[in-house]
Every structure is written in structure tokens, then in C-alpha cells.
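Open the model in your viewer and keep the sequence panel beside it. The tour below gives one selection at a time and says what to look for there.

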Amino acid sequence: MQGLSSVANTRFELRSGAHTVTWEKLKVDCTQQRVKYKELRGKIVAVQGNPEHFIKSLLFLDGFARCLVLVPKGSCSRFVSSVLDDIDIDAVIVDESVDYSTWPIPVTVDSETPSVDGSHEQLHPVVDTQWMLPTSGTTGMSKYVNHSLNSLCRTVARSKQNASQRWGLLYDPARFAGLQVVLQALLSGASLVVSEGDAPLPKRVDYFVRQGVTALSATPTLWRHLLMIEQFAKLGVSQITLGGEIVDGRLIKTLATLFPAAHITHIYASTEAGVGFAVHDGEEGFPTAWIDKTIGEVRLGISETNTLLIQSLANVQTYANQSIPIFDDQGWHDTGDLLDVVGDRVIFKGRLNGSINVGGNKVMPEEVERHIEKLHFVSRAIVSGRKNSIAGNLLEASIVLTSEERDLDEAVQSVHDHCSKSLVAYKVPVFIKVIESIPISASGKLTRG
Amino acid sequence: MGLTESIQRALLLVAKRQSVSLPHVIERELVLLESGLDSLGFAILVAELESELGYDPFSLMETPFYPSTYGELCDMYETYSSYRIVK
């Protein structure tokens with residue numbers, strides 16, 4: 001496959017704020033950027049910024065840079081440092097919206113479109129660019145997976161019906177889920193409507209209504225949030241895509257009632273495996289008949305520990321640091337997602353490694369436990385997930401105090417304050433209780449929740 | 001404590017937790033997502049109310065409805081109030 005700019009559908013357009021950028025204009029910009037940043041040819045380039053800048057950068061850098069490193073917009077300096085530890089980045093391109101003080105190395109702030117003569121640019125050969133995508137990290141540290149444009153574009157539907165869609169971008173395009181929406185629009189020739197990621201959701205919905213958005217992709221938590229916005233019902237949505245969390249059947253029902261003509265798809269995808277599969281029948285989980293069958297470009301299986309196995313029939317991704325293989329010798333990737341077979345349906349139950357999904361964000365309980373245990377009056381902490389009908393799960397911390405005498409309410413308040421001060425909101429336990437001792441199972445293992 | 005009073009108290013509690021300032025008297029017309037609470041805040045509110053009242057209307061509804069105003073939220077809890085466990 002050649003560069004992204006050469007495989008994009010020419011009907012694609014990018015709508016941002018009050019302006020629309022046509023494919024013709026994007027193509028000219030792309031050529032000019034390649035002249036302006038000619039020193040980036042064949043280099044490892046990190047990109048960060050608002051969706052419009054980000055997408056334009058992807059267009060000019062694919063087929064031009066040796067490697068494209070996607071950095072989520074709100075990444076903290078700790079994340080950035082861990083990216084730099086893993087990947088030998090030559091250059092960083094950001095826009096003015098990024099707090100580039102988080103980068104300990106010089107960055108290039110890309111301003112308005114250059115007006116340079118790009119007429120000779122096409123003479124250079126196209127580079128086979130490697131893409132590096134961050135996985136949804138659980139510890140705030142980066143873990144990057146190598147991809148190619150081919151592996152990323154594999155499941156993008158390019159039918160005529162998709163070409164008439166107008167996608168609203170709700171995710172960060174630097175993440176796998178957001179990038180899939182961008183590629184879907186780019187390759188099918190649909191419109192892509194982007195708003196600034198930090199605008200409040202009701203304002204973004206308002207903008208999407210004015211722009212006539214017809215297709216949206218979001219996590220179940222985000223869909224529930226959207227359903228609380230009065231304006232949302234005014235969207236003429238004909239494509240609803242859910243992913244990133246366990247999808248519950250009742251949410252699908254609510255969406256189907258509000259948008260009876262919409263096509264509802266829930267996607268199982270992992271950044272590691274590249275892609276996954278889509279379910280279109282409006283029910284949660286997926287049909288039991290799919291086990292040991294080939295669905296699209298993957299084969300599905302169940303491991304001895306009841307986790308979902310995926311065999312990618314097309315290509316094999318690797319992690320950036322190369323030390324851990326993603327696929328075993330037979331090509332199977334253990335997703336770590338626990339399954340339960342209920343009659344003719346396979347239902348997702350959670351994660352084997354115990355990570356808890358809070359509104360689409362993965363939390364490793366151990367990280368929060370270690371954080372709480374830094375407090376001198378806490379001897380042990382156990383963090384588990386408590387089911388929640390809005391966010392999937394919320395965190396619950398059970399703490400055992402040291403022998404030192406202490407007021408219980410005060411101890412709970414101190415744990416809360418300690419967590420709120422240094423953890424992101426979704427990692428702060430909502431429920432904190434003091435217990436006498438740590439629950440241990442009959443086999444001597446710690447029991448979480 | 002009356003139902004509306006419990007809901008108001010829980011809402012103020014969650015707002016305080018999220019460092020959001022709400023008016024002392026909450027009007028029915030208050031748009032929940034414009035109150036400053038984010039989706040995590042709303043999830044916490046529903047959990048707090050479940051602890052306090054003993055039920056969660058979102059898990060009782062066959063096809064969940066998601067309220068946009070404080071008034072709609074109160075009506076929803078009122079509709080399912082037969083599940084309330086009075087402590």
C-alpha cells in the first residue's frame with residue numbers, strides 16, 4: 001500500500017469549526033508540508049495536537065516519515081518521558097493547543113499552512129511508514145504497538161453507504177478507536193466533523209447537530225452520557241458504533257428506541273491484535289457459533305482460563321520494545337478478556353488480570369492499592385470494582401489500619417484526599433471502607449471484590 | 001428523609017467531591033451536564049443514591065432512560081420509589 005494521502009478517497013472532507021477543508025485542499029497542504037518539513041523524510045516523528053492538525057500531519061507524514069508516533073493530546077510529562085525511553089524520536093510536531101513544556105526535547109510548533117512551492121515533491125520515492133500506537137495504558141506509562149497502514153485499514157468498510165456518512169469524532173485520533181473513525185471517513189470518502197477535544201460534551205453535540213452528523217462511535221459510558229443531552233435526540237444518526245467497554249444489551253435497546261432507523265454495531269477491538277470483529281445483531285456479546293470460526297480476518301477461540309483468543313489471519317503486530325510477543329507460535333493472541341458462554345451467546349465478563357474498566361478507562365487495582373499504602377496509618381489496601389449502571393464499574397477500596405488509634409471517618413477522608421491529589425479522577429476510589437483484616441480465599445489468595 | 005431531599009443531598013455531596021459549586025436550592029430545570037458534573041460524577045451520584053435509597057432505577061428499567069434535567073432525575077427515582085429501602 002502507498003501512503004495514506006494516495007489511498008484516501010477523494011470525496012473525503014474535514015469539517016472543523018466553521019470551515020470545511022476539501023480533499024483537494026488537503027492534498028495541496030500535504031505536498032506543501034512535505035516541502036516545508038523536508039528534513040523529516042525518513043525520520044521517526046511524533047505527532048500531537050488538535051484533530052485537524054493531527055489528521056493533516058498523518059496525511060503528510062505517512063509515506064514520508066520512517067515512523068509515525070501517535071501521542072494523545074493530554075499526555076502528561078511522565079507519559080512523554082516513557083515514550084522517549086522506548087522510542088528514539090527524531091522530531092516532534094505539535095500545534096499551538098499542546099502544552100509542549102511536557103516535552104524535554106525541542107518540538108516544532110506547526111502554525112498556519114505554509115505557502116511554499118510543493119510542485120517537485122512527488123519526485124521522491126514513497127517510504128513504507130511504520131505507525132506506533134499507544135495502547136490504553138493502565139499505569140500512565142506508555143506501551144506502544146507497531147502497525148502498518150495496511151494493518152490499520154484492514155477492517156475499514158468502504159461501501160457506498162459509508163461514503164455518504166458524516167462522522168463526528170468523539171475520541172482522540174491518537175488512540176486506536178479514534179484513528180479507526182478517521183480512517184473510516186478517509187478511506188470511504190465520508191465527511192469527518194471534528195471539534196476541539198476539550199470542549200464540553202453538550203457543546204460538541206450542539207456542533208454535531210449543526211453540522212448534520214450521521215455517524216458516531218463511542219464507548220458505552222460516553223453513549224449514556226450523550227443520552228443525557230437534550231440536543232442529542234436531534235441528531236439524525238444512522239450509524240451507531242459502540243466499543244472499548246463491555247456493551248450491555250439494555251443500552252443497545254435504548255439507542256435502538258431513540259434512533260429506530262440506525263444501524264447499530266458493537267466492535268471488539270484491541271490495539272494489540274490490530275483489529276477485532278464487529279457484531280451487528282443488536283444483542284450483547286457475540287454468537288457462540290463464532291467460536292472456532294473465521295469472522296472477517298480473525299479466528300476466535302476460548303482459552304483454558306476462559307479468555308478470548310484471537311488469531312489474526314493477516315498480519316502480526318509487535319510491541320515497540322519487542323520483548324513481549326503479542327501472538328504465540330500458532331498465531332493466537334490471548335486478549336485476557338474473560339468470557340461466559342450462555343446458550344447461543346458468548347458474554348464478556350471482565351479482565352483475567354483483574355484490571356477494572358471505569359467508564360472506558362482501565363485501572364490496575366494494584367496501582368491504587370500501592371498508592372493508598374503509602375499512607376503511614378494504612379497497613380493494607382484492597383481495591384475492587386463495584387458494578388455501576390452508568391460507568392460500568394466504580395472503584396471500592398477496603399483498608400486495614402495500623403494499630404495506631406485513629407478516627408475512622410478521618411482516616412477515610414485522608415485516603416480520599418491522598419488519592420484525589422495525585423491520581424486521575426477515574427482511579428480515585430468512590431467507596432472507601434475500613435475493614436479488620438484482608439479477605440484471603442481458601443487457596444490462600446487475596447480476594448478482591 | 002424525603003426522596004427529593006435525599007437526591008438533593010447526594011447531588012450536593014458529589015458536587016463537593018468534584019469541586020463543583022451548585023446553588024443551595026436546586027431548581028428542577030437544572031441541566032445535569034451543565035451543572036459541572038461529568039459522566040464520572042453522574043455515575044457516583046447514582047451509586048450514592050443506591051447506597052442511600054437501596055435502588056438504582058437505571059438497572060431496573062428494561063430500556064433505560066437518561067435524564068437531562070434534575071427534575072427528570074427526581075421523577076425517575078419517584079417512579080421506582082416502591083423499591084426504596086427505608087433505613
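Buried means under 20% relative accessible area, exposed over 50%, and partly exposed in between, with a 1.4 Å probe and protein chains only. The model is predicted: local features need pLDDT of at least 70, side-chain atom pairs count only at pLDDT 80 or more, and totals for chains, interfaces and linings use all residues. Residues are numbered from 1 along each chain as its sequence is written, chains are lettered from A and ligands numbered from 1 in the order in which they are written, and side-chain values use heavy atoms, with hydrogens and water left out.

**Stop 1: A:Asp292**

Select A:Asp292, in the loop between strand S15 (286-287) and strand S16 (294-295) of chain A. Helices (H or I, at least four residues) and strands (E, at least two) are DSSP runs, numbered from the N terminus. A:Asp292 is partly exposed, because its relative accessible area is 48%. Its phi is positive, about 65 degrees, although the residue is not a glycine. Most residues other than glycine have a negative phi.

**Stop 2: A:Arg299**

Which side chain reaches the backbone oxygen of A:Asp292? That of A:Arg299, at 3.1 Å. A:Arg299 lies in strand S17 (residues 298-302) of chain A and counts as partly exposed at 29% relative accessibility.

Now show its surroundings, taking contact as heavy atoms within 4.5 Å. Neighbours within four places in sequence aside, A:Arg299 is in contact with A:Asp292, A:Lys293, A:Thr294, A:Leu309, A:Ile310, A:Gln311 and A:Trp332. For a distance check, pick the C-alpha atoms of A:Arg299 and A:Phe277: they are separated by 9.4 Å, and the two residues are 22 apart along the chain.

**Stop 3: chain B**

Move to chain B, which has four helices and zero strands. Its C-alpha trace spans about 30 × 30 × 20 Å along the principal axes. Of its 87 residues, 49% count as buried.

Colour by charge next, with Lys and Arg positive, Asp and Glu negative, and His and the chain ends not counted. Each charge is placed at NZ of Lys, CZ of Arg, CG of Asp or CD of Glu. The mean positions of the 6 positive and 13 negative charges of chain B are 10 Å apart.

**Stop 4: B:Ser19**

Finish at B:Ser19, in the loop between helix H1 (3-17) and helix H2 (39-53) of chain B. Is B:Ser19 buried or exposed? B:Ser19 is exposed, with a relative accessible area of 68%. Its phi is about 55 degrees, a positive value in a residue that is not a glycine.

Definitions and conventions. Polar contact = N/O pair within 3.5 Å; in protein donor to acceptor, adjacent residues only side chain to side chain.
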